[in-house]
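User: I would like to learn how to read strand pairing and chain symmetry in a model. Can you take me through one?
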Number of protein chains: 2
Amino acid sequence: MKTVYNFSAGPAVLPKEVLQEAANEMLDYKGSQMSVMEMSHRSKVYEGILNEAKADLKELLSIPDNYKILFLQGGASTQFAMIPMNLMKNHEADYIVTGQWAKKAAQEGQLYGKANVIASSEDKTFSYIPDLDNLAFSKNADYVYICENNTIYGTKYSTLPDTKGIPLISDISSCFLSEPMDVTKYGMLFGGAQKNIGPAGVTIAIIREDLLGDEVFEGTPTMLRYDTHVKADSLYNTPPAYGIYICGLVFKWIKSQGGLEGMKKMNEEKAGILYDFLDSSHMFKGTARKQDRSLMNVCFITGDEKLDKKFVEEAKEEGFENLKGHRSVGGMRASIYNAMPKEGVEALIKFMKKFEEENL
Amino acid sequence: MKTVYNFSAGPAVLPKEVLQEAANEMLDYKGSQMSVMEMSHRSKVYEGILNEAKADLKELLSIPDNYKILFLQGGASTQFAMIPMNLMKNHEADYIVTGQWAKKAAQEGQLYGKANVIASSEDKTFSYIPDLDNLAFSKNADYVYICENNTIYGTKYSTLPDTKGIPLISDISSCFLSEPMDVTKYGMLFGGAQKNIGPAGVTIAIIREDLLGDEVFEGTPTMLRYDTHVKADSLYNTPPAYGIYICGLVFKWIKSQGGLEGMKKMNEEKAGILYDFLDSSHMFKGTARKQDRSLMNVCFITGDEKLDKKFVEEAKEEGFENLKGHRSVGGMRASIYNAMPKEGVEALIKFMKKFEEENL
C-alpha cells in the first residue's frame with residue numbers, strides 16, 4: 001500500500017503518536033473507564049487536562065504572567081468580530097492587509113468603527129509582505145492588526161512592524177508553535193487550532209491583561225466578551241473539551257521534539273529543501289517573494305494551468321493529498337506543518353522531479 | 001475491576017459502539033490513511049461525512065424541507081445572543097423561565113430588546129413547568145422562547161404552549177433525539193451536542209426558513225448571523241469537523257436502535273424504573289413535580305445534606321460517577337441519556353436500595 005502524505009492547509013496532519021494515544025484512550029482515559037469526550041467539564045480529571053494544556057502552552061511560548069490564555073470556539077472568523085467589539089475602545093484601528101483573512105478581519109472591523117487599511121499587498125495577489133518601515137499609524141488606533149502567516153499565499157512576516165507602543169494583534173493560526181516567538185511584542189495573539197495544534201473547533205487567544213476591560217461595543221454577546229472567559233478561566237460554558245485534550249497531547253509531543261527550537265529546526269529543514277528544489281527547478285516556481293516565504297505553506301506553480309491540474313491529479317494518485325492551491329489563487333500549495341515528517345517532503349520532491357522529467 | 005457508569009449531565013456518556021468505531025478509525029478513516037481530524041473540510045470525503053450526518057438527522061427527526069439544519073459552534077450560550085440578534089425583528093420576545101438556562105437566555109435577550117418573562121417557576125426552585133393554558137403573549141413578540149428539558153431540575157414540558165402562531169423557539173440540548181418530536185410545531189430548535197449526541201463544541205440549530213432574513217441587530221458579527229451559515233451550508237468557515245463526525249456516528253447508532261421510537265421506549269423504561277423506585281423509597285425522594293418529570297435527568301434528595309454527600313461519595317466508590325446534583329441546587333442527579341444502558345440504571349437502583357437499608 002502506498003504511503004499517504006497529507007499536505008492540507010487545515011484541518012491538517014497531526015502527529016501519528018498523538019492520534020495513536022487518542023485512539024488508545026478513546027474508551028478509557030487513564031483507567032477512568034470514560035472517554036475524555038464523556039467527561040464533565042467540571043470534573044477534577046478534566047480540569048487537570050485543561051490546566052495541563054494551559055501550563056504546557058505557557059511553557060512552550062514562554063508566555064509571561066500578565067497574559068491570559070483562553071480556549072475559545074468559533075475560529076479566527078469569530079475573533080475578527082471579538083477583537084473590535086472588545087478592544088476597539090476609540091472605535092478606530094489599523095489593519096495591514098496581506099491576504100484574504102486580514103482583509104476579512106478589516107471588513108468585520110468596519111462594523112464597529114474605523115478599520116483603516118494602512119498597507120496592503122493586494123496589488124500583487126498578496127505574494128509579499130508590505131514595507132513595514134514606512135507605516136503611518138492612525139493617531140487614535142486602538143491596535144494594529146496583522147495576519148502573521150498567510151496560508152493561502154505562503155507568506156510570513158520575517159520581522160514585526162514597530163507599532164510605536166500601539167498594541168499589536170496577530171492572527172498566528174497557520175504558524176502557531178512552528179518556531180519560538182517573543183510574546184511580549186504583542187498585545188494579543190490568536191489562532192485556530194486546526195493547522196498546527198489540534199482539531200478544528202478550538203481557538204486559542206493569548207491577551208495582555210491590561211487590554212481587557214469592562215467596556216465593550218453595545219450589544220456584544222456575553223459569549224463574545226473576553227472578560228467572560230477570563231473570569232471563568234475558559235469554563236464559562238462547556239468548552240470544546242475533547243479538542244482541548246488533543247491540543248494538550250500535541251503540546252506534549254512538541255515538548256518531546258525539543259520544544260519550539262526543535263520545531264523551528266525541523267521546519268527550516270523541511271521548507272529549506274522544498275524551496276531549494278523550487279529555485280533550481282525548470283518547471284516549478286515559488287509564488288511568494290523570497291524574503292517573505294512561509295515555513296508552513298509553500299505555494300508554487302508551473303505557469304501552465306493544465307499542467308498544474310495534471311500535477312495535482314497525479315500527485316494524488318501517488319498518495320500526496322491536498323496539494324491543490326486555494327480556490328482563490330489556483331496553482332499548488334504544500335502545507336508542511338509541524339506534524340509533516342521530513343520524509344513526506346522528501347518524497348514530494350522526488351515525485352516533483354520525476355514529474356518534471358516526464359513533462360518538461 | 002468494577003464497572004463504571006457515568007451519570008454526568010453533560011458532556012455525558014456516549015454509545016460504546018460509537019467510541020469503538022472512532023478509536024478504530026482514528027488513524028485511518030476508511031482507507032484514507034488520515035484521521036477525520038486531519039481532513040480538509042473542503043474535501044469530498046469530509047463533505048460526505050457532513051452531508052450524511054445532516055441527512056440522518058433529517059430522517060431521525062422527520063425535519064421538513066422548509067427547515068434549515070445548521071452545525072454551529074459556541075454552545076447554547078451563544079444561541080442566547082444569536083436568537084435575538086437575528087430573530088427579534090420587533091425588538092420584543094416572550095420567555096418562559098423554567099430554570100437557569102432559560103433565565104440566562106432571557107437576560108441575554110435584554111441586550112437586544114424587550115425580553116418579557118411571561119411565566120416562571122423560580123418560586124419553587126424551578127421544580128415544575130408553569131401553567132401553559134393561561135399565558136399572556138405580548139402583542140409584538142417575535143417569538144416565544146422555552147427550554148424544553150431542564151437539566152438542572154429534572155423537568156420537561158409534557159405539552160407545548162399554544163403560542164397562537166408566534167414562532168416557538170426551544171432549547172432541546174438535554175432532550176435532543178431522546179424521543180420523537182413534531183418539528184413543525186417549532187420556529188426553531190437548537191441544542192448543544194454534548195448531552196445526547198456527541199462531544200462538546202458542536203451546536204445544532206434547526207430553523208424554519210421563513211424566519212431567516214437579512215435584517216439583524218446592528219453590529220451582529222458575520223459569524224453570528226444565521227444567514228451566513230445557511231448560505232454556506234455550515235461551511236462558511238472551518239466547522240468543528242471531528243465533533244460533527246462523532247455526531248454522525250451517534251445518529252447511525254440511534255437508527256440502529258430503532259430510531260427515536262426505539263429511544264423513547266428505552267428511555268421510558270430506564271426513567272420508569274428509577275422513578276418507581278424513588279416513589280417507593282423511604283429515604284430518597286424525587287424533586288421535580290411528577291407530571292413534569294424529565295426522562296433524561298432524574299433529580300432526587302434524601303432530605304439530609306450530609307446523607308446526600310455520603311451517598312454521592314459511596315456511589316462514586318462503587319463506580320457510579322457524577323451523581324452530585326448541580327451546584328446551584330445540591331442533592332443528586334442521575335442523567336440517563338440515550339447512551340446510558342438499562343443495566344446502569346438497574347445497578348444504580350440496586351445500590352440505592354442497599355444504601356437505604358444501611359443508612360435508614
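Analyst: Start with a definition: two strands pair if DSSP finds at least two bridges between them. Keep in mind that this model is predicted.

User: Which residue stands opposite B:Asn297?

Analyst: Strands of a sheet pair through backbone hydrogen bonds, either parallel or antiparallel. Here, B:Asn297 stands opposite B:Ser335 of S14(B). B:Asn297 belongs to strand S12 of chain B, residues 297-301. S12(B) and S14(B) are antiparallel, with four bridges between them.

User: What is the strand order of the open sheet in chain B?

Analyst: Three strands form the sheet, in the order S11-S12-S14, and the pairing is antiparallel. Strands S11 (285-286) and S14 (332-335) of chain B are the edges, since an edge strand here pairs on one side only.

User: Which helix lies across S11, S12 and S14 of chain B?

Analyst: Helix H7 of chain B, residues 259-280. H7 runs at about 15° to S12(B).

User: Now the two chains. What rotation superposes chain A on chain B?

Analyst: A rotation of 180°, with 0.0 Å of shift along the axis and an RMSD of 0.0 Å. That is the relation of a two-fold axis. In chain A, the residue closest to the rotation axis is A:Ala23, with its C-alpha at 2.2 Å.

User: Through which surface do the copies meet?

Analyst: Through the same surface, because 100% of the interface residues of chain A are also interface residues in chain B.

User: Which domain does UniProt list for chain A?

Analyst: An unreviewed UniProt entry lists "domain: Aminotransferase class V" at residues 4-348. Over that range, chain A is 33% helix and 17% strand. The end C-alpha atoms are 11 Å apart.

Key:
Residues numbered from 1 in each chain as written. Chains lettered and ligands numbered in written order. Predicted model: local features only at pLDDT ≥ 70, side-chain atom pairs only at ≥ 80, totals over all residues. Heavy atoms only, no water. Least-squares fit on C-alpha atoms with pLDDT ≥ 70 in both. Contact = heavy atoms within 4.5 Å. UniProt positions renumbered as here; feature names shortened; annotations may be inferred. Helix = DSSP H or I, 4+ residues; strand = E, 2+ residues; numbered from the N terminus. Axes fitted to C-alpha atoms, helices over the stretch in contact; angles between N-to-C directions.
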